[in-house]
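Subject: Structure for you to look at

Hello,

Here is the structure I said I would pass on. Please open it first and then read my notes beside it.

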Amino acid sequence: MRRVRQAIVVEGKHDVIRVHSAVDAVVIPTDGFRIFKDKEKMAMLRRLAEVRGLIVLTDSDSAGGVIRNHLLSCIPAEQLRQAYIPPIAGKERRKPAPSKEGLLGVEGMDAATVVAALERAGAVFEDEDTPVHASLHLTKADWMVLGLSGTADSAARRAQLAQALGVPTYLSANRLLELVNTTVTADEWGKLLENI
């Protein structure tokens, strides 16, 4: 499976599943229009954009366009790439009826279509041997040793870490671990540990 350097922003959890079936990447859902009010998630997207770059891959309907435009207004254009899926009529299997506009969303695309959209957007595909970031390779076991998981105060410690990173404090232990591994260098990690 090809690995994408940039983080990919999609609308919902089913889109995340579809993109993960096509490429190895950090994929973040906006949770639809929740992104308009979720300042912490926007802070996380800004950090990912700054460190890795972002690819916006929303549905080809008007709602996807509104979310795409909102992201464009909040994140510097040089840190964003736009990936577009074709407007194909139909409905996803899990839904009882087609969308308002009758178009398939990202979740309804096949893996080849998702990869083609990412290629057209200028996604940076990396070799399996190329590190994604000059990065950490922390594991869940490391998280436990550091007291960030499995202890009575681990949630508070993770919240402190999230605040130091400027990302949402409600992130799960697994999501925060993924974010640290993909956006924090070894030097930055040492400084963060001193402060928490």
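The lining of the second largest pocket is made up of His14, Ile17, Arg18, Ser21, Lys91, Glu92, Arg93, Arg94, Glu107, Gly108 and Met109. The pocket has a volume of about 200 Å³. Sorted by class, its lining holds two nonpolar, three polar and six charged residues. Here Ala, Val, Leu, Ile, Met, Phe, Trp, Tyr, Cys and Pro count as nonpolar, Asp, Glu, Lys and Arg as charged, and the others, Gly among them, as polar. A pocket is an open set of points on a 1 Å grid over the protein atoms alone where a 1.4 Å probe fits, with protein on both sides within 12 Å along at least five of seven lines, and lining residues have an atom within 4 Å of a point. The volume is the space filled by probe spheres set on the points, which are joined across faces, edges and corners.

The model is predicted: local features need pLDDT of at least 70 and side-chain atom pairs count only at pLDDT 80 or more, while totals for chains, interfaces and linings use all residues. Residues are numbered from 1 along each chain as its sequence is written, and side-chain values use heavy atoms, with hydrogens and water left out.

Salt bridges

How many salt bridges does a search of the whole structure find? The search finds eight, a salt bridge being a side-chain nitrogen of Lys or Arg within 4 Å of a carboxyl oxygen of Asp or Glu. Side chains of opposite charge can pair when their charged atoms come close.

Two of the pocket-lining residues, Arg94 and Glu107, form one of these bridges, with their closest N and O atoms 2.8 Å apart. This pair links distant parts of the chain, 13 residues apart, with both Arg94 and Glu107 in the loop between strand S5 (80-84) and helix H4 (111-121). Helices (H or I, at least four residues) and strands (E, at least two) are DSSP runs, numbered from the N terminus. Arg94 counts as partly exposed because its relative accessible area is 48%, whereas Glu107 is buried at 15%. Buried means under 20% relative accessible area, exposed over 50%, and partly exposed in between (1.4 Å probe, protein chains only).

Elsewhere, salt bridges that share partners join Asp31, Arg34, Asp38 and Lys41 into one network. Within it, Lys41 pairs with Asp31, the closest N and O atoms being 2.9 Å apart. That pair also links distant parts of the chain: Lys41 is in helix H2 and Asp31 in the loop between S3 and H2, ten residues apart. Lys41 is buried, with a relative accessible area of 5%. Arg34 forms a salt bridge with Asp38, with closest N and O atoms 3.5 Å apart. Arg34 is partly exposed at 44%, while Asp38 is buried at 7%.

Asp31 has one more feature: a positive phi of about 60°, although it is not a glycine. Most residues other than glycine have a negative phi. Asp31 is partly exposed, with a relative accessible area of 35%.

A surface patch

Which residues form a nonpolar patch on the surface? They are Phe33, Phe36 and Val66, with about 270 Å² of accessible area together. Such a patch takes residues with over 30% relative accessible area and no salt bridge, and joins nonpolar side chains (Val, Leu, Ile, Met, Phe, Trp, Tyr) within 5 Å, or like charges within 9 Å. Accessible areas come from the Shrake-Rupley method with a 1.4 Å probe, and for residues only the protein chains shown count as cover. Phe36 lies in the loop between strand S3 (27-29) and helix H2 (39-51), and it is partly exposed at 37%.

Residues in the helices

Val114 lies in helix H4 and counts as buried at 0% relative accessibility. Its C-alpha atom is 7.1 Å from that of Ile85, 29 residues apart along the chain. Ala121 is also placed in helix H4 and is buried at 9%. Ala121 and Ile55 are 66 residues apart in sequence and 7.6 Å apart in space, C-alpha to C-alpha.

Thr183 is in helix H7 (residues 173-183) and is buried, with a relative accessible area of 1%.

Regards
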